Amino acid sequence: VSHLQRWCNAMERSALLKLVLSNVALDVLTKRLDLKFSKLVFDAVTDSWDADVGNDADDMDGFAKRVFEKVLAQVDDDALCRGPEITLGDSDISRVSDHAGVWDFNLDKGAFPSPDGGLPDEQFWLDIEKAGLSSGQIRTGSMVRGARNFAWITLESTLDDIRSEYDDLRPATQVRNYLGLDHFEAGFMLLELHYPKKMLDGYRVAAPTFIEGGTKAVYQSVSVKGDDDHWGRTARLDKMGDGKPEAVHMAIPFTAEVKIRLLGVVQEAPPPLDPDEYLKTREHQWHSGDDERIVETIEKEP
Amino acid sequence: VVEIEGRRMRNLRVAASLTDIAWADAFLTACREQRLPGFDIPSEAVMLSEIDFLCRETPEDTRASMRAGAAIALDRYNARQYTLEVLRRMASIVSATLASGAVPVLIRHFTALHPYFKEENSPQFNVAIELISALGTFPNNTQVARLLRTLLFEATDSVHFRFAGILTLGVIRNDSATFVPAMNRFCQLRSLGPERFHDRTLMRAIFKAVLPVNVRQAVEKKSGLSEDAKLYVTKWAMDLEVLRNVFAQSEGRSEEMKGSSPLEVGSYAAFRSMYKVTKAERGRVSGFQEKYRQKAVRSRKGGHT
């Protein structure tokens with residue numbers, strides 16, 4: 001049995017990690033992601049798999065998860081944003097971000113008042129929403145990105161629809177739930193970063209794959225929905241199904257044309273997650289035999 | 001069923017178990033490797049919010065340990081061993097945890113960068129801005145107040161104008177009686193690059209530190225406020241509705257106040273005319289300003305609403 005298959009077998013011990021394997025299976029077996037990128041990742045998983053530890057660890061699933069996380073954290077930029085390509089056309093694009101991250105990484109501190117309570121308050125962001133930004137107020141070299149070198153986006157209309165549905169201009173909790181952003185717990189202040197037209201011109205925008213989704217239980221890989229809909233779909237936290245469009249792009253410069261809108265403060269903890277129920281909603285549900293098919297597919301790739 | 005919320009509860013338990021030194025190690029690792037060891041934090045992008053959360057939700061003794069740890073970690077920073085980005089991140093943590101014990105070290109690191117205070121394009125300059133911003137979080141600290149005052153009033157030739165907003169706010173927060181000279185100095189420096197300042201957020205913070213009645217006195221009387229500063233302050237006082245209540249009070253009690261109030265009756269007209277100049281300068285009228293204009297017209301006709 002190969003190291004890769006052992007890794008799969010270790011992962012499938014955990015109900016949460018079966019969700020991750022389901023994404024891997026869909027992306028690899030349907031070749032939703034070019035196999036050369038999948039191979040890149042799984043060659044690294046094989047290299048990192050320490051048979052001595054991996055086969056005997058008390059928490060083999062935890063060990064497998066750590067191996068996968070380590071590999072994905074070091075994956076080459078070239079393998080990012082390689083899912084089905086999305087043509088944006090005239091669509092307006094937005095990104096949801098934590099306010100402290102924008103304050104810390106994107107704003108030039110000389111342009112703004114020092115916060116009197118540690119971090120800026122809601123009024124601060126309302127003022128920026130009203131007055132906008134100028135290029136002189138942006139931190140030199142600041143980028144739109146997450147922890148890794150890419151950023152998640154959705155359609156602006158997704159956020160507008162949520163605002164309308166809840167009749168709330170600042171529906172942070174509902175946005176968190178709809179977009180599956182379970183790391184934003186109660187108390188997080190969220191911002192919408194609305195991209196100017198053409199901001200993504202020249203950048204590949206793609207539906208996410210397991211490479212971006214990583215070990216998050218609330219990420220799901222989905223097949224292309226139609227000729228003109230290559231968007232991914234978020235995994236909702238509050239309800240099964242009915243996910244909203246999502247995509248990824250490589251890090252891009254943060255400019256003054258990005259409009260910041262306050263989404264408000266998340267009011268409650270994420271709803272509890274039942275991995276078995278979640279798995280039932282996945283387009284491809286992990287089942288025995290998938291490990292062999294994945295190994296076979298990866299090994300065939302030169 | 002997996003309780004995702006459990007992550008934060010676990011983090012709070014870890015926080016309670018750490019000593020000052022352990023916090024210092026954790027913060028230093030956070031700044032070097034973008035992870036807070038021992039804590040379950042899903043992404044470096046939210047680390048500052050998580051630290052802010054821990055600081056707000058933990059008991060006072062844990063909070064004190066966090067602050068002490070931030071001060072120790074900052075003290076351990078040295079330019080030969082770590083990158084400037086580590087120092088920048090450390091300043092953000094000191095600011096987010098309100099670690100006042102770190103202030104002397106923060107000042108030391110800031111002043112060590114003084115050769116770059118005017119070198120706008122150097123990485124050291126940008127870190128100096130971040131450090132002075134973090135220092136501005138502690139306006140009631142005597143050392144900070146002295147430093148900010150010196151830089152604003154005595155040493156502005158040796159610092160870049162981009163420091164002006166933080167210095168002005170810090171000085172006024174510490175002593176609101178300096179409002180007039182600080183605003184004069186700010187407007188002078190701001191004119192060198194107005195696009196480098198976010199006026200709305202800056203002025204809202206400054207107005208929070210000064211009584212509205214004092215703002216009104218500064219723009220109405222011979223307070224020493226320069227013409228530029230008068231226009232600038234008036235414009236933002238109107239935009240941010242700082243003086244609405246002050247005017248409402250003086251209008252409602254204009255007769256009884258006559259001769260006894262420090263706010264002269266009729267000063268609204270003076271203010272209005274000053275505002276007209278500002279309005280012309282801006283070339284646009286907001287809804288709120290239009291309401292003020294109509295109110296002024298009614299007032300001229302002899303009736304208040």
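Chain A holds 12 helices and 9 strands, where helices (H or I, at least four residues) and strands (E, at least two) are DSSP runs numbered from the N terminus. The model is predicted, so local features need pLDDT of at least 70 and side-chain atom pairs count only at pLDDT 80 or more, while totals for chains, interfaces and linings use all residues. Residues are numbered from 1 along each chain as its sequence is written, chains are lettered from A and ligands numbered from 1 in the order in which they are written, and side-chain values use heavy atoms, with hydrogens and water left out.

Turning to overall form, the C-alpha atoms of chain A fill a box of roughly 60 × 40 × 40 Å along the principal axes. Of its 302 residues, 57% are buried, meaning under 20% relative accessible area, with exposed over 50% and partly exposed in between (1.4 Å probe, protein chains only).

Among the buried residues are B:Arg88, B:Arg89 and B:Met90. Their cover includes α6 (99-105) of chain A, together with α2 (20-33), α3 (47-57), α4 (60-76), α6 (103-112) and α7 (123-135) of chain B. After α5(B) comes B:Leu98, with a positive phi near 50°.

Methods
Contact means heavy atoms within 4.5 Å.
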